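Try each task on the structure before reading on.

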Amino acid sequence: HREAVTMIDVGQATPGARGRRQAVTLRPRSPVRAAILSVVTLTLSGFWWWWELNRELRAHGEATHPWRALAAVTLGWAVIVGPFRSVYGTTAAIAAAQRRAGLEPAAQPKTAVGLAVTAAAGLVLFATSIVFPPGFFLFGWIPPAFGMALVWYEQRQFNRAARAEAV
């Protein structure tokens with residue numbers, strides 16, 4: 001059973017900001033579907049999902065920035081640290097949303113970052129398959145598996161907060 005809570009995203013509260021008011025629905029999604037779509041679409045769905053998750057958290061009152069979070073996990077790889085900070089911040093915002101909904105926070109930023117680091121390390125190992133062909137078979141499964149685990153973990157934790165808020 002899926003409940004939905006509609007909230008209003010008022011944009012940035014700073015003077016002169018051009019935030020638009022828009023209805024944002026906090027709706028639980030299937031963590032398995034989100035994880036599988038992320039891999040099947042070669043992370044395109046995952047990027048949209050990451051932006052949407054941060055947008056819903058922002059509408060929920062958390063201090064997230066959807067476009068910055070998306071930039072961090074896409075372009076942020078150039079500086080290495082960006083994606084991990086984004087994962088940490090988003091997971092911390094999910095924990096805060098769980099706390100605000102009256103739940104004991106189960107979202108652990110360090111766990112999420114650990115999944116992201118493992119996926120990134122797997123990507124590096126997978127890249128070695130150019131000079132070490134068996135690396136493709138040894139390490140090729142690591143990035144998608146741990147990437148899916150990260151998406152599943154984040155969506156599952158977000159669903160806890162969304163469902164508690166709907167009650």
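**Exercise 1.** Find how the side chains of R55 and E52 meet, and decide whether each residue is buried or exposed.

*Solution.* Step 1: look at the side chains of R55 and E52, which form a salt bridge with an N to O distance of 3.2 Å. The term stands for a side-chain nitrogen of Lys or Arg within 4 Å of a carboxyl oxygen of Asp or Glu. This is a predicted model, in which local features need pLDDT of at least 70 and side-chain atom pairs count only at pLDDT 80 or more, while totals for chains, interfaces and linings use all residues. Residues are numbered from 1 along each chain as its sequence is written, and side-chain values use heavy atoms, with hydrogens and water left out.

Step 1: Helices here are DSSP runs of H or I with at least four residues, strands are runs of E with at least two, and both are numbered from the N terminus.

Step 2: check accessibility. R55 has a relative accessible area of 13% and is buried; E52, at 6%, is buried too. The classes are buried under 20% relative accessible area, exposed over 50%, and partly exposed in between (1.4 Å probe, protein chains only).

**Exercise 2.** Work out which parts of the chain the salt bridge of R29 and E52 links.

*Solution.* Step 1: the two side chains come to 3.7 Å, N to O, in a salt bridge. Step 2: R29 sits in the loop between strand 2 (22-26) and helix 1 (31-40), E52 in helix 2 (residues 44-59), and 23 residues separate these distant parts. Step 3: R29 and E52 are both buried.

**Exercise 3.** Describe the salt bridge between R100 and E62.

*Solution.* Step 1: the closest N and O atoms of R100 and E62 are 3.6 Å apart. Step 2: R100 is in helix 4 (residues 81-100) and E62 in the loop between helix 2 and helix 3 (66-74), so this pair ties together parts 38 residues apart in sequence. Step 3: R100 is partly exposed at 48% relative accessible area, whereas E62 is buried at 8%.

Step 3: widen the view. Salt bridges with shared partners join R29, E52, R55 and E56 into one network, and the whole structure holds four salt bridges.

**Exercise 4.** Which residues does L57 contact beyond its neighbours within four places in sequence?

*Solution.* With contact meaning heavy atoms within 4.5 Å, L57 touches E62, T64, T90, A93, I94, A97 and F158.
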